[in-house]
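Thanks for coming. I will go through one structure today, and I will start with a term we need for the pocket.

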Amino acid sequence: MAGHSKFKNIMHRKGAQDKKRAKIFSRLGREISVAVKTGGGDPESNIRLRSAVSAAKALNMPKDNIERAIKKGEGNDPDSNYEEVRYEGYGPEGIAVIVEAMTNNKNRTAAEIRSIFSKSGGNLGESGSVSFGFKRLGIITLSKN
Amino acid sequence: VSEENLFDFVVENGSQDLETNEDEHVVYCEQSDLNNLNEKIINKFGQTNSSELIWKSENTIDVNKDTAEKLFKLLNSLEDNEDVQGVSSNFEVSEEILSLLT
């Protein structure tokens, strides 16, 4: 995992910056919407929302985007009715991979994830087949200087 | 932020582990402590770069260059998928291979 977080950093730095940024904002936005949907729109009483907003601010997500994501979580639009799903699979040489997704269409997402795995010579496993070797942990990063 | 100051502070405040790489300090904690610890670090040392929940593997597998190349392609495609929020894996890779591939 040490290698993994380093890998992620480097990829994010070297990847197409704007595309990654847009992607990161949409990801943070979904987390905020789901946090609101599950625990309400008040950050004082909703730790997950507080945490999501703090993560969004750390990455300089514009305030408008944050507010829009909160509104989305409060609304009833079926398009923003996200569900959390976890996929567990194996990559080359049996390397374990856990994928967390938020989707408004589980069938579509499952098909896409399955196809990404099979294109790389990997495969999706049963739920629970991989995650038993992993621990759920919080991770905080900060710059050295 | 010096590693020593940070280490003392996070250990007293419920962290489980601290790693430092070329650019960043990486603090690990129980998922229930994440928000609290993040707020404490921000108050003490200033804004953090990220705080999130991840899956950390208990055992890692070392990968060679060939495998790493295939694996990184897979991880990148997964990360690029619109519905994906996060990807975790149990590989370990050497600095040399990492710098060859990124």
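A pocket here is an open set of grid points with protein on both sides within 12 Å along at least five of seven lines. Its volume is the space filled by probe spheres set on those points. One more thing before the numbers: this is a predicted model.

With that in place, the second largest pocket holds about 220 Å³ of space. Which helices of chain A each supply at least two residues of its lining? They are α2, residues 17-39, and α4, residues 63-74. Helix α2(A) gives the most, with 5 residues. The lining includes Phe25(A), Ser26(A), Gly29(A), Arg30(A) and Ser33(A). Also in the lining are Met61(A), Asn65(A), Arg68(A), Ala69(A), Lys72(A) and Tyr82(A), and chain B is represented by Glu82(B). By class, the lining has 4 nonpolar, 4 polar and 4 charged residues.

Phe25(A) is found in helix α2 of chain A. Is Phe25(A) buried or exposed? Its relative accessible area is 13%, and the cut-off for buried is under 20%, so Phe25(A) counts as buried. Leaving out residues up to four places away in sequence, Phe25(A) touches Leu59(A), Asn60(A), Met61(A), Pro62(A) and Asn65(A). Of those contacts, Met61(A) and Asn65(A) are also part of the pocket lining. Phe25(A) and Asn60(A) are 35 residues apart along the chain, and their C-alpha atoms are separated by 9.2 Å.

That brings us to Asn60(A) itself. Asn60(A) lies in the loop between α3, residues 47-58, and α4 of chain A. Most residues other than glycine have a negative phi. Asn60(A) has a positive phi, near 60 degrees. Asn60(A) is exposed, with a relative accessible area of 56%. Glu93(A) is another residue with a positive phi, again near 60 degrees. Where does Glu93(A) lie? It lies in the loop between β1 and β2 of chain A. Glu93(A) is exposed, at 64% relative accessible area.

Now the overall layout of chain A. The chain has 5 helices and 4 strands. From the N terminus on, the elements run α-α-α-α-β-β-α-β-β. Of its 145 residues, 47% count as buried. Take the contacts in chain A between residues at least 6 apart in sequence: 50% of them join residues at least 24 apart.

Next, the sheet. It is an open sheet of 4 strands, in the order β3(A)-β1(A)-β2(A)-β5(B), and the pairing is antiparallel.

How many bridges join β4(A) to strand β3 of chain B? There are 8, in the antiparallel sense, and that strand of chain B covers residues 50-57. Leu137(A) stands opposite Ile54(B) in this pairing. Strand β4(A) is also joined by 7 bridges to β2 of chain B, residues 24-30, and these two strands run antiparallel as well. There, Leu142(A) has His25(B) as its bridge partner.

One last item, in chain B. Glu69(B) is found in helix α3 of that chain, residues 65-80. At 41% relative accessibility, Glu69(B) counts as partly exposed. Glu69(B) and Thr102(B) are 33 residues apart in sequence, and 9.7 Å apart in space, C-alpha to C-alpha. That is the end of my tour.

Note on methods. Residues are numbered from 1 along each chain as its sequence is written. Chains are lettered from A and ligands numbered from 1 in the order in which they are written. This is a predicted model: local features need pLDDT of at least 70, side-chain atom pairs count only at pLDDT 80 or more; totals for chains, interfaces and linings use all residues. Side-chain values use heavy atoms; hydrogens and water are left out. Two strands pair if DSSP finds at least two bridges between them. On a 1 Å grid over the protein atoms alone, a cavity is a set of points where a 1.4 Å probe fits but cannot get out, and a pocket is an open set with protein on both sides within 12 Å along at least five of seven lines; lining residues have an atom within 4 Å of a point. Ala, Val, Leu, Ile, Met, Phe, Trp, Tyr, Cys and Pro count as nonpolar, Asp, Glu, Lys and Arg as charged, and the others, Gly among them, as polar. Buried means under 20% relative accessible area, exposed over 50%, partly exposed in between (1.4 Å probe, protein chains only). Contact means heavy atoms within 4.5 Å.
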